[in-house]
Amino acid sequence: MNPAPSLAMPLGEAIRRHVVPGMHLHLASTPSRSNAAIRELARAFLDRRPDFCLSSTGFHSMAHLLPRLGLARRLIGCFFGDHFPAPRPNPLYARQDLQIIQWPLWTLVASLRAGAQGDTWVVNRSLRGTTMARELEAHGMYREVALPGADAPLGLTAAIRPDITFVHAAAADEHGHVLMSAPLSEGPWSALAARRGVIVTVERIVPTALTRAHRAAIVLPPHRVLAVCEEPFGAHPQPLLAPAGLDVASYRDDFDGYEHWRALATDDDALATFVDRVLRSPDGAAAYRAYVGAGQLSRLHPVPGAIAPPPSAPPPRVEPSVNHLIVAGARQIVARVRAIGAQVLIAGIGQAFFAARLAQRQLAAAGVALRVMVETGLYDVDCGPGGHGYLLAYDNMARAGRVSAIDDILGVLVGGADNRCLAVLGAAQIDRHGNLNSTRIAGKPLTGSGGACDIAATAAEVIVMTRLAPGRLVDELDYVTSPGHGVRSIVTDRGVLTRGDANAMWELGGVIGDDARAAFARDCPWPLELRDPEPTRAAPLTGDEARLLDTLDPTGKHRHRAG
């Protein structure tokens, strides 16, 4: 039998062999994206117009680079902006020369899986009634079909098949046996859906004997692999969690790196420096590591038992209203967990996640088990001081009680059969029907759905957290990102709105401050129900709540609302 050919080659050579202008390229999140491939694509096509279509679950940090340089004409994704320390829009995605196609997270993964399976369409329960549904329908990617005897039409999304998918992993041998560890985020679906195959970057190319010894960690079939390219720190500034037993070092998120890439998206001088020092260098990989600095990279390797250091920026001052919002959110979570018997909870990024951690610790102290989940494949997240306030952080991956992927968490545990999942989400706008907007206001882009649309549409019940401010609670949304039929609570820093079902009037209670009722009259355009002459008042923060806030977030970084 002839031995399998070697697929090992430099990344630049792999791109020269397999990538041509006009292709649809997918940047997989496993959850370590191949940021090395993004840089090498930029090097290969710098000063050209390849008109790529790019897809990814999220365009953030280094994914800004290709559209920033004008190398992509069309972006397909679920998130567009900056994700640390909380979701923030980025002006890059307001550019008129970019066509942005918005998808929800599980919906996108399901369509990639359909592409891998050779299906044409896949059933969808998330999009009906949203603006995304109308936009995707205009692109030929969504339709609704009437079924005899059904109360509502059946939603369908079209299968997605990129030309080439880029994946980053811990290790592989030269014959394409790729070793990856859960959580797998979107899993192998985008790789298996790729028409031409997969270009894999790895921390280290290892002997075949080692991959044979770790067969359970081989997720991709080798015959679909086009090339294996060694790229140390290839996921940076994102993290990498290496499988146990390999001589491959894991590394944490570079939070300063996330902030750096936010700046490069709009700073022409900083971008020009990066282009000259890295993209025009003869050895782009080595130049990038020098650009970041050996000391900074070495500090990202986790020390057993140690908690990730905070970013170098000074901690912000935490406004009292932020503490009030988080504590009110935690109290509502505790109440609704008990009311519906929820055993699992899924939280959005930012203050929703902090409230979920606080509630989980309070319930645990009372003997009630609640497993907190993260959409990328984390189940039973460590909500104590050893966990991390940024929900997508390496430490939360490494410490989760169970790790899987998006199709497991969002497809089954949040919205599948027999679920009793409570969801806690944030939003930029909420209308009187509970519909949420995190995509666009007055023509200006926000960040998009992420997993919110899928979660809001399918979870047993939804709590939304937001500040009470002009323009947050509105009669009509600029854009319906997520359907509101499951929203039963809206928690603000001035009080809590609740309703018994999707058709009921909102009731105001748990108010904070003597002028809270006047504030709701000013900033909430909906009629509110008051069962008593005055709404109930929230109890002051207890000493235990204040101590737990400081225990979980000593610097205040993760309580602070990002601007």
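Modeller: Let's start with strand pairing: two strands pair if DSSP finds at least two bridges between them. Strands (E, at least two residues) and helices (H or I, at least four residues) are DSSP runs, numbered from the N terminus. Before we go on, this is a predicted model, where local features need pLDDT of at least 70 and side-chain atom pairs count only at pLDDT 80 or more, while totals for chains, interfaces and linings use all residues. Residues are numbered from 1 along each chain as its sequence is written, and side-chain values use heavy atoms, with hydrogens and water left out.

Colleague: Fine. In what sense do β6 and β7 pair, and over how many bridges?

Modeller: The general idea is that strands of a sheet pair through backbone hydrogen bonds, either parallel or antiparallel. Here β6 and β7 (residues 154-158) are antiparallel, over 4 bridges. For a landmark, take Arg143, whose bridge partner in β7 is Leu156.

Colleague: What is the strand order of that open sheet?

Modeller: β5-β7-β6, 3 strands with antiparallel pairing. β5 (121-124) and β6 (142-145) are the edge strands, each pairing on one side only. From one strand to the next, the twist averages 35°; axes here are lines fitted to C-alpha atoms, for helices over the stretch in contact, and angles run from 0 to 180 degrees between N-to-C directions.

Colleague: Which strands does α4 lie across?

Modeller: β5 and β7, and α4 runs at about 150° to β5. Contact, by the way, means heavy atoms within 4.5 Å.

Colleague: How do I check the length of α4 (residues 105-117)?

Modeller: Compare the end-to-end distance with the expected span, which is 1.5 Å times one less than the number of residues. For the 13 residues of α4 that gives 18 Å, and the end C-alpha atoms are 18 Å apart, so the two agree. Just after α4, look at Gly118, which takes a positive phi of about 85°.

Colleague: And how many residues of α4 are buried?

Modeller: Buried means under 20% relative accessible area, exposed over 50%, and partly exposed in between, using a 1.4 Å probe and protein chains only. In α4, 10 of the 13 residues are buried, so the helix is largely enclosed by the rest of the structure. Among them are Trp106, Leu108, Val109 and Leu112. Helix α15 (residues 406-414) reads likewise: 7 of its 9 residues are buried, so α15 too is largely enclosed. Ile406, Leu410 and Val414 are among those.

Colleague: Which residues have the most contacts inside the largest nonpolar core?

Modeller: A nonpolar core is a set of buried Ala, Val, Leu, Ile, Met, Phe, Trp, Tyr and Cys residues joined through side-chain atoms within 4.5 Å. The largest one has 54 residues, and Ile346, Leu410 and Val414 have the most contacts inside it. Helix α4 supplies the largest share of this core, 6 residues. Apart from it lies another core of 46 residues, with Leu11, Met23, Leu27 and Cys229 among them. Back to Val414: leaving out residues up to four places away in sequence, Val414 touches residues including Ile346, Met373, Cys421 and Ile455.

Colleague: How many disulfides does a search of the whole structure find?

Modeller: With a disulfide defined as a pair of cysteine sulfur atoms within 2.5 Å, the search finds 0. Cys383 is in none, and the nearest cysteine sulfur, that of Cys421, is 13 Å away. Both are buried: Cys383 has a relative accessible area of 2%, and Cys421 has 0%.

Colleague: What is the pairing in the open sheet of 10 strands?

Modeller: Mixed, in the order β15-β14-β13-β12-β16-β21-β23-β24-β25-β26. β15 (402-403) and β26 (528-529) stand at the edges with a single partner each, so one side of each has no neighbour in the sheet. Within the sheet, β23 (residues 487-491) and β24 (residues 496-498) pair in the antiparallel sense over 3 bridges, and Ile490 has Leu497 of β24 as its bridge partner. Helix α12 (residues 320-340) lies across β12, β16, β21, β23 and β24, running at about 170° to β21.
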